[in-house]
Structure formats: C-alpha cells, structure tokens
Amino acid sequence: MKQLIVQGDDLGYSREINDGIFYTYENGILTTTSLMVNLLDDEKARYLNDSIGKLTNKSTLNKPELHLGIHLNLTFGTPLSPTWTQGEFTRPYRNDSEKQWKKQNWIAYFAQFKASEVETELRLQIEKALKFFDKIDHLDSHHFSASYEPVKSVYEKLAIEYKLAARPAAPLIENSISPDYSYSSNDVRYLRSKNISCADGYLLSYYHKQDASVYNFINDLEKTNSTSLEAMFHPAKGENADQWRAKDLQILVDPILMEYIRNNIQLITYKDLCI
C-alpha cells in the first residue's frame, strides 16, 4: 500500500487553525502538523502540547498518534532572536498583489540576510519546540522560505544536526500570481544524498484553493507513482476560519475520502520514513 503523511500546517497561528488541526486528526485523515513556535509564549506552548497529548483517534482509521514538525518561520510574527534585523517578520511585497508571489522577489528578499543570523533564529525556534513539545519528527518552513538561500543551506544543516526529516525545497512557480509551489524529484534525491529523510513525493496544490474537492485528492493519490507521499493541507474550524482553510477541513473528514484511505492507503508520519 502507498504510505501517506497528511499534514496540517500552521499550528499556533490562531485558535481556529489549532481547532481545525485537532478536529481533523481526531475525526479525519490528518496524521501530522507543524508548529509556528515563534508565535507561542511558554504558556501557550505548554497548553498546545497538553492538548495534543489528550487527542484521541475517533476516525476508526488505523493511524499513528499525531506527530509534529517545526514550521520554521521567517515571514510572519516576531523573531525569537534579539539580533534579527527586523522587529517583525514580513514577506516580500506583502500588500502588493502584483509582486508578492513572484519567485524572483523571494530570491532577492532572502538574499539580504546573512546565513549566521538565519541560523541563530532558526536554531532558537527548533530549541523552543524541542523544549516544550513531544513527538517532533521533521522540519518544514512557512511559505517554503527554506527554498531560498541562505535559508536553504541553514535548513539542511539543522536537519542533519538535529536528525530530523525535512520537506524538500518547493519554491514559488515562476511568475506566479498566487502562492503556487512546485518541488522536483531531484530535490528529494538531493536531501537523501545528505542523509535527510523525506517522502518520495509531495502534493502541495491544495494550498489556498477553494475549488478543491475530495475527488481531486483521490485522483491525485491514484495517479502518483510515489511509494510514500506527503499531502499538505491547512485546516481551520470556526466562524472566523478562512474559507479555503474550512474547505481543507471538509476534505480531510469526508466519509468518501476516509473510506478510500481505509482500503488503499497506509497513514504514517515522518517518523515512519526510512532513507
């Protein structure tokens, strides 16, 4: 059977997102999430870890306990490093719809930072996650910022040092007008050449999409030749949840999808991957 990691990004961003991630683990196919630790004070970190420990699998699917990645973040919120050059993280051209998702602008934006300052900040985020949370098994990055230098090299270095699996680079598609990301199988081979575990394939196309459906997802699972796969989602639950995030939640708990998974897919986490 194909192995599938189903991830909900952005734990810690908001109550709606936290609730959506917990709900889709307990009642759907979600198997892992990733933490935005720079958004958490110590009290919130302890609360989230306690909440994760109390989750139960009500889905009737055979799947592991919820595992966590560290959603390394340089584009939203407050830095943990007191020496970071900005008081608040941002992303390039955040309020400019024409420029904010252009790949060349992201390359230029991250090039302004020194590798040493990037490493200091990301290391602080990893250490905080490891201090407060159990079941940490991988690294990934908010807005796939680890696709651009010098972040990419630091990201790989820290994955090796902390012995964590990692998502491969997935930069923005050239001249994208929305946040569309693309990875190459070459990036998977590259990480594995460095003894960094990752899945064989990645489904990233459900980010920020309101027209996605269960049938799209099942079709994508059917088409892939990958033995192991990660599917990235961003579920949220509540009146203030973004519509596209609420759509993700609906997909992840859909009975049709759950029945398909039960009969065709082994649900796993990054901890289950072998290089």
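The model is predicted; local features need pLDDT of at least 70, side-chain atom pairs count only at pLDDT 80 or more, and totals for chains, interfaces and linings use all residues. Residues are numbered from 1 along each chain as its sequence is written, and side-chain values use heavy atoms, with hydrogens and water left out.

**Nonpolar core**

- The largest nonpolar core has 86 residues, among which Leu4, Ile29, Phe133, Leu139, Phe217 and Ile261 touch the most other members. Such a core is a set of buried Ala, Val, Leu, Ile, Met, Phe, Trp, Tyr and Cys residues joined through side-chain atoms within 4.5 Å.
- Helix H5 gives the most to this core, with six residues. Helices (H or I, at least four residues) and strands (E, at least two) are DSSP runs, numbered from the N terminus.
- Beyond its neighbours within four places in sequence, Phe217 is in contact with Leu4, Ile29, Leu203, Tyr206, Ala231, Phe233, Ile251 and Leu257. Contact means heavy atoms within 4.5 Å.

**Helix H3**

- Asn105, Trp106, Tyr109 and Phe110 are buried in helix H3, which covers residues 103–111. The buried residues line one face of the helix, because they fall within an arc of 120° seen down the axis of H3. The arc is that of the directions from the helix axis to the C-beta atoms.
- Ala108 and Ala111 are exposed, on the face of H3 turned away from its buried side. Buried means under 20% relative accessible area and exposed over 50%, with partly exposed in between (1.4 Å probe, protein chains only).
- Helix H5 (151–162) is what the buried residues of H3 pack against.

- The largest pocket has a volume of about 320 Å³. Of its 20 lining residues, Tyr13, Tyr207, Asp242, Trp244 and Arg245 are the closest to its centre. Helix H1 (15–27) and H8 are the elements that give two or more residues to this lining.
- By class, the lining of the largest pocket has nine nonpolar, five polar and six charged residues. Here Ala, Val, Leu, Ile, Met, Phe, Trp, Tyr, Cys and Pro count as nonpolar, Asp, Glu, Lys and Arg as charged, and the others, Gly among them, as polar.
- The second largest pocket holds about 250 Å³ of space. Its lining includes Gly12, Tyr13, Arg15, Asp19 and Lys44. H1 and helix H2 (42–53) are the elements that give two or more residues to the lining of the second largest pocket.
- Pockets and cavities are found on a 1 Å grid over the protein atoms alone: a cavity is a set of points where a 1.4 Å probe fits but cannot get out, a pocket is an open set with protein on both sides within 12 Å along at least five of seven lines, and lining residues have an atom within 4 Å of a point. Grid points are joined across faces, edges and corners, and a volume is the space filled by probe spheres set on the points.

**Cavities**

- The structure holds four cavities of 30 Å³ or more.
- About 70 Å³ lies in the largest cavity, and its lining includes Asp9, Asp10, His71, His142, His143 and His234. By class, this lining has four nonpolar, five polar and three charged residues.
- The second largest cavity has a volume of about 50 Å³. H5 and helix H6 (185–193) each supply at least two residues of its lining, which has six nonpolar, no polar and three charged residues.

**Backbone features**

- Most residues other than glycine have a negative phi, and most peptide bonds are trans.
- Asp10, in strand S1 (residues 2–11), has a positive phi of about 80°. Asp10 counts as buried at 2% relative accessibility.
- His143 has a positive phi near 60° and is found in the loop between S4 and H5. The relative accessible area of His143 is 9%, so this residue is buried.
- The peptide bond from Glu149 to Pro150 is cis, with omega near 5°. Pro150 is in the loop between strand S4 (136–141) and H5.

**Ala241**

- Ala241 is in the loop between strand S7 (228–233) and helix H8 (243–252), and is buried at a relative accessible area of 15%.
- Not counting residues up to four places away in sequence, Ala241 touches Glu16 and Ala236.
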